Amino acid sequence: HSSQIIDYYGDESVQQVENFDRMLLNCDEMDFKILKGLMNGLTYEQVAERNYFSANTVKYRVHLMMKNGGGYDSKRELLDELKKYGLKL
């Protein structure tokens with residue numbers, strides 16, 4: 001046994017995974033419909049139309065997911081993260 005203490009919270013990758021996990025836990029059915037549409041290559045407007053949301057609602061929800069997921073700079077980064085972990089929606 002080693003007496004060395006491992007600081008997982010100082011590890012940036014652990015923090016990213018925890019933020020991403022927290023973001024997914026806060027998603028509701030509407031958010032998952034939005035993410036599924038975007039992962040299938042739909043635009044905000046197409047996602048809104050197919051799910052009877054307004055385009056502004058879709059944009060706002062994606063913005064919140066990007067912010068709550070650890071500060072993604074773009075929708076593409078968020079979607080890449082979903083693909084990276086192999087999440088199927």
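Mentor: In the protein chain, α3 has the highest mean confidence, 98, and α1 the lowest, 85. The score is pLDDT, the predictor's confidence in each residue, from 0 to 100. Helices are DSSP runs of H or I with at least four residues, numbered from the N terminus.

Trainee: And what does the protein chain average in pLDDT?

Mentor: The average is 88, and 89% of the residues score at least 70. This is a predicted model, where local features need pLDDT of at least 70, side-chain atom pairs count only at pLDDT 80 or more, and totals for chains, interfaces and linings use all residues. Numbering starts from 1 along each chain as its sequence is written, and side-chain values use heavy atoms, leaving out hydrogens and water.

Trainee: How many helices and strands are there?

Mentor: The protein chain has 5 helices and 0 strands.

Trainee: Which residues touch the most other members in the largest nonpolar core?

Mentor: I34, V58, V62 and M65, out of 20 residues in that core. Such a core joins buried Ala, Val, Leu, Ile, Met, Phe, Trp, Tyr and Cys residues through side-chain atoms within 4.5 Å, with buried meaning under 20% relative accessible area (1.4 Å probe, protein chains only). The largest share, 4 residues, comes from α4.

Trainee: What is V58 in contact with, beyond four places in sequence?

Mentor: I34, Y44, V47, A48 and F53; contact means heavy atoms within 4.5 Å.

Trainee: What sits over the ring of Y44?

Mentor: The charged end of K75, 4.7 Å from the ring centre. The criterion is NZ of Lys or CZ of Arg within 6 Å of the ring centre and within 35 degrees of the ring normal.

Conventions: Buried < 20%, exposed > 50% of the residue type's maximum accessible area, 1.4 Å probe, protein only. Helix = DSSP H or I, 4+ residues; strand = E, 2+ residues; numbered from the N terminus.
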